[in-house]
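Me: I would like to go through this model with you. Could we begin with how its contacts are counted?
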Amino acid sequence: MRSINSLMNVRSLLNLASDRLRTLPLVVLYITDGCNSRCITCDIWKLPRRNMDMALVERLAAEFPRLGVRSVLLSGGEAMQHPEWPRIGQLFHAAGIKVLLLTNGLLLKKQAQQVIDSIDQVTVSLDGAAPETYRAIRGVDGLSIILEGIRAITQAGIPVTTRTTVQRGNFRELPQIVDVAKEAGAGKVSFLAVDVSNRVAFGPRFDGAVQPLTPIHAPPSPALSQDDLPEFARVLDRLEESHAEDFQAGLIAESPEKLRKLYRYFAAIHGLEPFEAPRCNAPHLSTVIEVDGTLRPCYFLPSMGRIDGQPLAHAINADRALELRRAYRSGERAECERCVCPLYRGPRALLGDL
């Protein structure tokens, strides 16, 4: 098994040498687009609900080992709303693949044993430290039950990372969010900026078809206003001082300097600084597969086709897929300039486990 994994790691390095994928270390699988949250920054929950057909799941579970898939991230929508999500996790486990779950956490407590039996690692969205803040952003009154769910699965040994989307409604609570996540048993706390421009991700938040990115002088309301920026800078200073031990221990995933990139992102929205295009090679290491078999090079780039009846290895290397990888690599995709959730793995990381 070790020799097979080593071969796949070397093949992953070859991904970085061209726009053709020899292996696929990570797959993000949207197993449903149903959701039980009502987030103000996302319209997916307004769409008609669809669940990924189990025939497609079984086919992917059979194909993934040949592609060297090491990890599959179950997402959505809310992945735990797929009626057979535990079976999906177990299918990938049986194929020797690490199973990750991205969830809003509302069902964690109720389905804790299924998580323990089916999932290796969980990322929970945590967008507030106070119930009223969480309710205002997520549209449901769920903070306490989410924290109870985190406790239930971490006590059973399942690693949990919380992920907070920093926005105007919660930026003042960053230190308190770290505290409540830590108290609930989370092993890592991560922050990223709210996306305010991408018309591909998060459902049809904007009128009409996909259009150019939102002008920097007209940010949607979830973004920090220009008047919020000085206070946000003070919050980040306070977080660095009051939680120095948590930064040092790695509980807070981002360094203080990386968190200050969030400040610069919001400043750039108002034209006060240039956007910093993040370092990212996600389309060369991963693929998003949607409920109906639509493929994307990452969450924020448009479709590169569908699986349909062809092998996945062929679909991820179709002409449109190669074109999108070449375009992002050469800086031609405007979405990448403002991306809030990049993924980068260098050669050294690829020789280990993703």
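Reply: A contact means that heavy atoms lie within 4.5 Å. The model is a predicted one.

Me: With that in hand, what share of the contacts between residues at least 6 apart in sequence join residues at least 24 apart?
Reply: In this chain, 71% of those contacts join residues at least 24 apart.

Me: How many helices and strands are there?
Reply: The chain contains 14 helices and 8 strands.

Me: And what percentage of the residues is buried?
Reply: Of the 354 residues in the chain, 53% are buried. The accessible surface is about 15,700 Å², and carbon and sulfur atoms account for 52% of that area.

Me: Turning to helix 2, which of its residues are buried?
Reply: Helix 2 spans residues 54–63, and its buried residues are Met54, Leu56, Val57, Leu60, Ala61 and Glu63.

Me: What covers them?
Reply: The cover includes strand 1 (26–30), helix 3 (85–94), strand 7 (286–289) and helix 11 (312–315).

Me: Which residue caps the N-terminal end of helix 2?
Reply: Asp53 does, with a side-chain oxygen 2.7 Å from the backbone nitrogen of Ala55.

Me: A new topic: at what angle do the axes of helix 6 and helix 7 cross?
Reply: The axes of helix 6 (residues 143–154) and helix 7 (residues 174–184) cross at roughly 40° and come within 8 Å. The two helices are therefore oblique to each other.

Me: Which residues meet there?
Reply: Leu147, Ile150, Arg151 and Thr154 of helix 6 meet Val180, Glu183 and Ala184 of helix 7. By class, this contact has 4 nonpolar, 1 polar and 2 charged residues.

How values were computed
Residues numbered from 1 in each chain as written. Predicted model: local features only at pLDDT ≥ 70, side-chain atom pairs only at ≥ 80, totals over all residues. Heavy atoms only, no water. Helix = DSSP H or I, 4+ residues; strand = E, 2+ residues; numbered from the N terminus. Buried < 20%, exposed > 50% of the residue type's maximum accessible area, 1.4 Å probe, protein only. Areas by Shrake-Rupley, 256 points an atom, 1.4 Å probe, with all protein chains shown as cover. Axes fitted to C-alpha atoms, helices over the stretch in contact; angles between N-to-C directions. Parallel < 35°, antiparallel > 145°, perpendicular 65-115°, else oblique. Nonpolar A, V, L, I, M, F, W, Y, C, P; charged D, E, K, R; others polar. Polar contact = N/O pair within 3.5 Å; in protein donor to acceptor, adjacent residues only side chain to side chain.
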